[in-house]
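Subject: Structure handover

Hi,

Here is the structure I promised to pass on. My notes follow below it, and I hope they give you a handy start.

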Amino acid sequence: MTTGPRGRIRDPEVGLLASIAGTLRDDYVRSAEADPWSDSPFKWIKTRPSRQVGKIGEQLVAGWCAAKGFDVTKSGDSEADRVIAGKRVEIKFSTLWKSGVFKFQQLRDQDYEYAICLGVSPFDAQCWAISKETLLRHVIGVTPQHTGAAGSDTFWLSFRATSPPGWLDQCGGRLADVHGIISTW
């Protein structure tokens, strides 16, 4: 056997070969082709089916809020994902797309007071706590996710991670900003 626990190489000859392969890699793989997620602690999320990714996003936000001392419970219905600090919250999650955008999908006019949108890049995270009123002004009813009658109730918020729309400035941007917003609820 040439590997040890958790896939580590034990055979010194294989180790030498792997070291040489590592030095050759840069000659063959340009940095633009390299996976920016390769060493990211969030990479595993991108391997999961989209339905699981949404649930993982909910769990990340709920876990972060709980770790920051906020009371977090399930909403008890499908109109909101959680109740956080006494407010009904819909949680939306996006990993950074190759094009450099976040896409927060399936936004609907349901029974919640805020939407928390968490966007994760390979080594960073951005977050916004958006009131439903703000979503109704800028997203819901404005940018349909699907065309036709079947898609008339779902909307999405899509923007370059490096340049969110100005109206989001009041909604956070950094996790610390969202902590401050939730603290005022």
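Which residues of strand 7 make up its covered face, and which its uncovered one? In strand 7 (residues 155-160), Phe155, Leu157 and Phe159 are on the covered face, while Trp156, Ser158 and Arg160 are on the uncovered one. In a regular strand, side chains alternate between the two faces of the sheet. Strands and helices here are DSSP runs numbered from the N terminus (E, at least two residues, for strands; H or I, at least four, for helices).

Before going on, a word on the basis: this is a predicted model, so local features need pLDDT of at least 70 and side-chain atom pairs count only at pLDDT 80 or more, while totals for chains, interfaces and linings use all residues. Residues are numbered from 1 along each chain as its sequence is written, and side-chain values use heavy atoms, with hydrogens and water left out.

**Around strand 7**

Strand 7 pairs with strand 4 in the antiparallel sense, over five bridges; strands pair if DSSP finds at least two bridges between them. Leu157 in strand 7 is the bridge partner of Phe104.

Seven aromatic pairs are found in the structure. Rings of Phe, Tyr and Trp (its six-membered ring) pair if their centres lie within 6.5 Å, and planes under 30 degrees apart count as stacked, over 60 as edge-to-face and the rest as tilted. One of them is Phe104 with Trp128, edge-to-face at 6.2 Å centre to centre and 70° between the planes. It links Phe104 in strand 4 to Trp128 in strand 6 (residues 124-131), 24 residues apart. Phe104 also forms a tilted pair with Phe159, at 6.1 Å centre to centre and 40° between the planes, and these two are 55 residues apart, in strand 4 and strand 7.

Phe104 has 0% relative accessibility and therefore counts as buried (under 20% relative accessible area; exposed is over 50%, partly exposed in between; 1.4 Å probe, protein chains only). Phe159 is buried at 6%, and Trp128 is buried as well. Ring pairs link Phe102, Phe104, Trp128 and Phe159 into a cluster.

On Trp156, the charged end of Lys103 sits over the ring, 4.4 Å from its centre. Lys103 also lies over the face of Trp97, at 5.0 Å from the ring centre. The rule asks for NZ of Lys or CZ of Arg within 6 Å of the ring centre and within 35 degrees of the ring normal.

**Salt bridges**

A salt bridge is a side-chain nitrogen of Lys or Arg within 4 Å of a carboxyl oxygen of Asp or Glu, and the count comes to eight. Among them:

- Asp35 and Lys43, with the closest N and O atoms 3.2 Å apart; Asp35 is partly exposed at 35% relative accessibility, and so is Lys43 at 31%.
- Glu58 and Arg82, at 3.5 Å. Glu58 lies in helix 3 (residues 50-67) and Arg82 in strand 2 (residues 82-84), so the pair ties together parts 24 residues apart in sequence. Arg82 is buried at 10%.
- Arg88 and Asp111, at 3.5 Å. Arg88 is in strand 3 (residues 87-95) and Asp111 in the loop between strand 4 (101-107) and strand 5 (114-121). Arg88 is buried at 16%, whereas Asp111 is partly exposed at 42%. Salt bridges with shared partners join Asp77, Arg88 and Asp111 into one network.

Happy browsing!
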